[in-house]
Amino acid sequence: MKQLKTLLTQLLLVTSLLLPWSAAEAVKGFEASGNINEMGYNTFVIRGQKYRLASDAVLDSNDSSRRGFRDFKQGDFIYFKGKILNGVYYVDIIYYETQEPS
């Protein structure tokens, strides 16, 4: 019984030491742009890929009517950056610039 306890303690110690590296490898950055195909409460879809707003996401816009995520609509062209965490695309920042007429 004592040998089993020792083995379980060693296994728990090794597992706890490996956890920080497993989470660090799961995070990957991305940059993308495109026209919004679908919108949800805190999500949007571009070219079939669903993106979720991070809790601390910010918006950088030169259009005073586009100051928040709710101000966007289907068809708007945006550029954004974020992180992929366990297969979920979290958007950290969205850039929106109005198109100047040519």
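Visitor: How much of the protein chain is made up of buried residues?
Guide: Buried residues make up 25% of its 102 residues. Here buried means under 20% relative accessible area, exposed means over 50%, and partly exposed is in between, with a 1.4 Å probe and protein chains only. One thing to keep in mind: this is a predicted model, where local features need pLDDT of at least 70 and side-chain atom pairs count only at pLDDT 80 or more, while totals for chains, interfaces and linings use all residues. Residues are numbered from 1 along each chain as its sequence is written, and side-chain values use heavy atoms, with hydrogens and water left out.

Visitor: Okay, and what helices and strands does the protein chain have?
Guide: There's one helix, plus six strands. Along the sequence the pattern reads α-β-β-β-β-β-β. Both kinds are DSSP runs numbered from the N terminus: helices are H or I with at least four residues, strands are E with at least two.

Visitor: In what order do the six strands sit in the sheet?
Guide: The order is β1-β5-β6-β4-β3-β2, in an open sheet with mixed pairing. Two strands pair if DSSP finds at least two bridges between them.

Visitor: Which ones are the edge strands?
Guide: Those are β1 (27-35) and β2 (38-39), each pairing on one side only.

Visitor: What about β6, how does it pair with β5?
Guide: Antiparallel, over seven bridges, with β5 covering residues 77-85 and β6 covering 88-96. Along that pairing, Lys81 is opposite Ile93, and Phe80 is opposite Ile94.

Visitor: And in which sense does β4 pair with β6?
Guide: Parallel, over six bridges; β4 is residues 49-61. Ile93 turns up again here, as the bridge partner of Val58.

Visitor: How many residues lie between β5 and β6 in their hairpin?
Guide: Two, and Asn86 in that turn has a positive phi of about 55°.

Visitor: Is Asn86 buried or exposed?
Guide: Asn86 is exposed, with a relative accessible area of 63%. Arg47 also has a positive phi, about 50°, and isn't a glycine. Arg47 lies in the loop between β3 (43-46) and β4, and counts as exposed because its relative accessibility is 65%.

Visitor: Switching topic: where's Asp63?
Guide: Asp63 is in the loop between β4 and β5.

Visitor: Last one: what share of contacts in the protein chain join residues at least 24 apart?
Guide: It's 61%, among contacts between residues at least 6 apart in sequence.

Note on methods. Contact = heavy atoms within 4.5 Å.
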